Amino acid sequence: LCWVEMKLAVVLLVVACLTLGSLALRSESESQQKLQPIDDFLDDVNEQLEQLMSDNARLWFQWTSNITDANAQVAIDSDLALGQFKVQACLNASLYDTSHATFDQQRMIELIVDRNDIPPLKDGTKQRELSQTIADMTGVYSTNQIFDPTTNTTVYLAGAETMMATSRDYVALAQVWYQWYTSMGIVEPDFANMVDLSNEGARDIGFSDTGEMWKSQFDMSPEEFEFVIDDLWDDLKGMYEALHCHVRSVLNETYSKQGYEIPEGAPIPAHILGNMWAQDWSNIYDMVVPYPNSPTINVDDKLAGWSSRQMVETGENFFVSLGMDNLPHKFWENSQFDKPEDRDVVCHAEAVDVARGVSQSDEDVRLLMCIEKNLNDLITIHHELGHIYYFMQYRDLDQLYRDSANNGFHEAIGDTIALSITPEYLKTIGLLDKVSNDQKSQLNALMRKALEKIAFLPFGILIDKWRWNVFSDDYKEKNWNTAWWDLRLDYQGIQPPYERNDSYFDPAGKFHIVQDVPYIRYFLAAVLQFQFHKALCDISGHTGPLYNCSIYGNKEAGARLKEMLQMGASRPWQDALFALTGSREMSAAPMIEYFQPLMDWIETQNKDRRCGWTEVPVDPEDEPGGYQWGLAVGLGAMGLIAFGALLGLAVYQLVSFLKRRRPFDKVVADDDSFDHNAEVPVGVIRTYKLDTIESERNSAQTIPDDYEDVL
């Protein structure tokens with residue numbers, strides 16, 4: 001999300017939580033006396049929820065496509081109404097005994113109770129406090145600014161992400177990384193409070209903690225779900241470790257020239273992978289492309305002559321070729337394809353399910369985009385239409401069933417469709433004149449996709465692995481940051497550019513953690529998309545490499561896909577998966593098959609390399625030049641010492657404001673490898689809550705006037 005959208009979302013959360021706090025929730029004894037018959041209760045929930053969600057989607061689309069205070073206010077009012085209803089419905093549903101209920105009764109009660117990201121609390125005052133706490137953390141995240149040394153400007157996260165994606169300056173990258181994570185650490189007390197309140201809410205509806213509630217959303221026991229996740233990772237981690245080994249070697253070729261070696265057998269510094277969170281490495285594709293001189297697919301010149309509507313119609317034609325209906329007329333009337341010149345809008349691509357209408361042709365589904373004429377946006381259009389066709393297929397179900405089979409399916413469907421945008425498909429729709437069978441070009445394309453898909457896998461697991469253990473108190477609060485980096489080392493093979501002890505709180509650098517949004521769904525989507533793709537390709541009769549398969553034009557594959565989509569959330573996800581794939585288990589095999597040609601190539605590259613990683617830095621005497629784990633905090637010149645004193649004073653003032661100490665890091669480096677020319681990371685550390693007064697904002701540490709001279 002752009003920072004403007006996130007900033008307003010924070011305001012909405014604050015307003016919502018203040019109102020939600022005044023909601024008088026019925027006590028359990030009162031509710032038991034007034035329980036409706038279960039069918040009447042579910043009918044009421046479905047009817048009211050459909051209207052509330054329709055109003056909410058319509059009003060939020062109205063705001064995102066025309067950002068005004070008036071539109072924001074009506075969207076806020078809608079949010080409040082929907083939030084209050086969901087809290088009450090969840091608490092009431094938890095009171096029903098479903099031991100003798102029908103399947104649909106049990107299923108709907110489970111969906112009301114289990115599919116909650118943030119659990120409701122019976123105590124309305126505490127519900128308000130939980131919402132306020134999440135809003136405060138989100139506010140720090142969305143308004144946080146840091147200093148970009150490559151442009152000498154203060155930037156929000158979007159600007160920092162651009163810098164992390166494009167810079168190849170080890171020192172500058174480390175500075176930006178340091179500022180972001182250190183400044184976000186202020187939310188740790190709020191996060192601890194959120195954990196306590198969230199766990200209390202989970203216990204109110206029958207779970208031991210929030211982690212157990214999250215893991216119960218998948219039609220199996222929490223223990224079984226964890227086993228499934230671990231089993232999938234066991235199958236996939238070999239691909240990740242091979243990619244890690246190759247990328248580390250290539251990165252060393254670049255950064256060793258700057259004096260920062262990354263030896264074999266060591267973790268990769270987290271700040272040089274092209275992404276603030278080291279979760280997507282596609283921004284360093286130019287550094288690791290197998291054959292840089294081989295031709296690449298470029299259709300942007302032809303797309304420049306297309307209209308935005310033509311691009312969307314092309315996406316629609318993909319689904320129509322599978323035997324699905326044309327998009328309803330309201331889609332074309334109400335969607336936003338281009339950025340208007342007369343008003344502010346949100347450009348983040350989004351598919352919106354507003355209302356199902358009296359018939360499918362009258363359904364109100366919408367696409368929000370500011371389309372650019374390039375291949376990336378054409379792929380995004382196909383992805384978003386995957387969501388919209390999912391909406392259209394389950395439109396006839398009750399509102400509680402109008403959702404994906406589990407919360408990984410919706411994203412997986414969009415990504416599955418995107419996998420069919422192959423060179424052959426691009427040729428079919430007139431964007432390529434011919435398809436090259438050049439193996440080098442195919443390996444380049446697989447590498448680009450691997451840097452996105454394979455590199456993400458361990459990150460997609462560890463976010464919730466860490467939180468599950470936090471919620472269950474397996475980690476003590478004083479060890480949260482250490483446990484975080486233990487997992488990132490274990491799963492991702494990365495370490496921070498500086499030593500990060502438990503006086504820091506680096507998990508807060510990820511939006512989903514401060515907003516308390518479960519993350520394991522993205523790991524599931526990453527795996528399921530290849531399983532869906534494999535099944536559809538087999539149904540279509542495809543022969544040849546899986547990465548060359550497109551299901552475009554195959555109505556048999558389309559019919560099987562429709563069968564699964566039409567089930568929505570009405571059946572356990574295992575039933576939906578079986579309807580498409582013939583299997584009731586998620587499998588990593590299709591993803592492995594898809595990338596096998598690349599893995600064979602990487603295996604030859606890694607033949608004489610020492611792969612894997614260990615926690616302890618390599619001894620400098622074993623690696624010429626030593627291994628620079630961070631920027632050496634040594635100030636050799638008197639001028640830099642004076643600057644350090646001024647910086648220390650600023651830090652002291654900030655600490656007084658925060659009432660908790662966050663010392664600068666010490667480098668993990670032997671004296672022989674100590675770099676006396678490295679800079680101390682400094683920058684804006686804006687660590688305040690939304691209700692902090694302006695004078696406190698201005699007292700936050702800022703970049704000194706002579707910063708550029710120091711650099």
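A salt bridge, as I use the term here, is a side-chain nitrogen of Lys or Arg within 4 Å of a carboxyl oxygen of Asp or Glu.

**Ground rules.** I'm looking at a predicted model, where local features need pLDDT of at least 70 and side-chain atom pairs count only at pLDDT 80 or more, while totals for chains, interfaces and linings use all residues. Residues are numbered from 1 along each chain as its sequence is written, and side-chain values use heavy atoms, with hydrogens and water left out.

**Salt bridges.** I searched the whole structure and got 26 salt bridges. One network of them links Glu50, Asp353, Arg356 and Arg402. I looked at Glu50 and Arg402 within it: their closest N and O atoms are 3.8 Å apart. This pair links distant parts of the chain, 352 residues apart, with Glu50 in helix 3 (residues 38-64) and Arg402 in the loop between helix 16 (375-393) and helix 17 (409-419). Helices here are DSSP runs (H or I, at least four residues), numbered from the N terminus.

Next I checked burial, where buried means under 20% relative accessible area, exposed over 50%, and partly exposed in between (1.4 Å probe, protein chains only). Glu50 is partly exposed because its value is 23%, and Arg402 is buried because its value is 9%.

Then I looked up Asp464 and Arg467, whose closest N and O atoms are 2.6 Å apart in their salt bridge. They sit three residues apart in helix 19, so about one helical turn separates them. Both Asp464 and Arg467 are buried.

I also noted Asp506 with Arg500, a salt bridge at 2.7 Å, N to O. Asp506 is buried at 1%, and Arg500 counts as buried at 7%.

**Helix 25.** Which way does helix 22 lie against helix 25? Helix 22 (residues 520-540) and helix 25 (residues 589-605) pack at about 80°, axes 7 Å apart. So they are roughly perpendicular, a label that covers 65 to 115 degrees. My axes are lines fitted to C-alpha atoms over the stretch in contact, and angles run from 0 to 180 degrees between N-to-C directions.

I listed who meets whom, taking contact as heavy atoms within 4.5 Å. The helix 22 side includes Phe530 and Lys534, and the helix 25 side includes Tyr594 and Phe595.

Helix 19 (residues 439-471) meets helix 25 too: the axes come within 10 Å and cross at roughly 115°. Among the residues in that contact are Leu446 and Ile454 from helix 19, and Leu598 and Trp601 from helix 25.

Last, I checked Ala445 in helix 19. Ala445 counts as partly exposed at 46%.

Definitions and conventions. Helix = DSSP H or I, 4+ residues; strand = E, 2+ residues; numbered from the N terminus. Parallel < 35°, antiparallel > 145°, perpendicular 65-115°, else oblique.
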